[in-house]
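Trainee: I have the model open and would like to go through it with you. May I start with the loops and then move on to the helices and the core?

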Amino acid sequence: MPAPPRLHRVAVLVLEGAKPLDVGIPAQVFTTRASMPYEVRVCGAAPGPVTGGDGLAYAVSHGLDALEWADIVFVPGYRFPDREDPPPAVVDALVAAHERGARLAAISTGAFALAATGLLDGRRATTHWHYTRALMARYPRIKVDENVLFVDEGSVLTSAGAASGIDLCLHILRGDLGVAASNHAARRLVAAPYRSGGQAQYVPRSVPEPLGERFAATREWALHRLGDPLTLEVLARQAGVSPRTFSRRFVEETGYTPMQWVMRARVDLARELLERSQRSVEQIAADTGLGTGANLRLHFQRILGTTPSEYRRTFTRGE
């Protein structure tokens, strides 16, 4: 009989002033169910009541011992993160969890708690757009990226505002269980399987941005036609602007050139087909617009650091 999937242990660390949506996202995404081999424990600096933000409070059953147990530790955002560091015991527990091999993932202003550990020094990171400058000023050794929804640095991950926490959680799911499981979770949440835009599109602007919605519609249109020839000219024509305008604005909104975005979308589709079908690598390459098996292998290695065959073995093992 196939071995059952490994159970992933998730701790959600609730700090004083924790934002309710930030707390709820990982707790809901990773809640234990038949299709999701995760166990979640919500914890605080100590068991008992924790004063939250936005008029809510939390009654947590676990203290910092949950970080000794967890494989993944989420730190939700909290109010006034730039005023003072979390308690030393919390910082020490996060460092110890990381040294033990746990992944640390911050949602929104939870990045400040990870920054206090020193684990973000020299790494890329992000946080809610309202606090990016404060994070830069308080922790100048961090390479703060203002125009992304999340940053994956391997053992430490950070995300932008609350909704970007969903993007981060789905990204972690893709890495742990594959694209099919991530897409299933996205449908359950009624969320996009992945958003490619950067958080700059959510920053208030004094001038309306009428092309933003149109460009999002163009991306959605392209996702349903990845097997077709999708050139810069084709995409710009669909958006109703010149190729030069489309290319410039696309980079501003997503952080990728149009062709980089198309390539990543095609590789993601190929990942799902490798997981869910027995089609050959050559057939999948043709179906996703990547042309040949050799081309698919090249882009898999460049983007994912693995081969299609190894990826298929990894995400169909135990089925």
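Trainee: Does D54 count as buried or exposed, and why?

Mentor: Please bear in mind that this is a predicted model. D54 counts as exposed because its relative accessibility is 51%, and the cut-off for that class is over 50%.

Trainee: Where is D54, and what is its phi?

Mentor: D54 sits in the loop that joins β3 (48-51) to β4 (57-60). Its phi is positive, about 60°, although D54 is not a glycine. Most residues other than glycine have a negative phi.

Trainee: And S108, what is its phi, and is it buried or exposed?

Mentor: The phi of S108 is also positive, near 55°, in a residue other than glycine. S108 belongs to the loop between β6 and α4. With 6% relative accessibility, S108 counts as buried.

Trainee: On to the helices. Which residues of α9 are buried?

Mentor: In α9 (residues 232-239), these are L235, A236 and A239. They lie on the same side of α9, because they cover an arc of only 100° around the axis.

Trainee: What comes after α9?

Mentor: G240 follows, with a positive phi near 80°.

Trainee: How are α9 and α10 arranged?

Mentor: Their axes come within 9 Å and cross at roughly 90°, so α9 and α10 are roughly perpendicular to each other.

Trainee: Which residues meet there?

Mentor: From α9, L232, E233, L235, A236 and A239 meet P243, F246 and S247 of α10. By class, this contact has six nonpolar residues, one polar and one charged.

Trainee: What about α7: which residues are buried, and what covers them?

Mentor: In α7 (residues 179-189), V179, A180, A181, S182, N183, A185 and A186 are buried. The cover over them includes α6 (162-177), α11 (258-276) and α14 (308-316).

Trainee: Now the core. How many residues has the largest nonpolar one?

Mentor: It has 33 residues, and L13, L67, V73, L94, L104, L135 and I142 have the most contacts inside it. Elements giving two or more residues to this core include β1 (8-13), β5 (72-75) and α3 (88-100). The largest share, five residues, comes from α4.

Trainee: What does L13 touch?

Mentor: Beyond its neighbours within four places in sequence, L13 is in contact with residues including C43, L64, L67, V73, V90 and L94.

Trainee: Which residues belong to the other core?

Mentor: That core lies apart from the largest one and has 27 residues, among them V10, V23, L157 and A186. A186 is also one of the buried residues of α7.

Conventions. Residues are numbered from 1 along each chain as its sequence is written. This is a predicted model: local features need pLDDT of at least 70, side-chain atom pairs count only at pLDDT 80 or more; totals for chains, interfaces and linings use all residues. Side-chain values use heavy atoms; hydrogens and water are left out. Buried means under 20% relative accessible area, exposed over 50%, partly exposed in between (1.4 Å probe, protein chains only). Helices (H or I, at least four residues) and strands (E, at least two) are DSSP runs, numbered from the N terminus. Contact means heavy atoms within 4.5 Å. A nonpolar core is a set of buried Ala, Val, Leu, Ile, Met, Phe, Trp, Tyr and Cys residues joined through side-chain atoms within 4.5 Å. The arc is that of the directions from the helix axis to the C-beta atoms. Axes are lines fitted to C-alpha atoms, for helices over the stretch in contact, and angles run from 0 to 180 degrees between N-to-C directions. Angles under 35 degrees count as roughly parallel, over 145 as roughly antiparallel, 65 to 115 as roughly perpendicular and the rest as oblique. Ala, Val, Leu, Ile, Met, Phe, Trp, Tyr, Cys and Pro count as nonpolar, Asp, Glu, Lys and Arg as charged, and the others, Gly among them, as polar.
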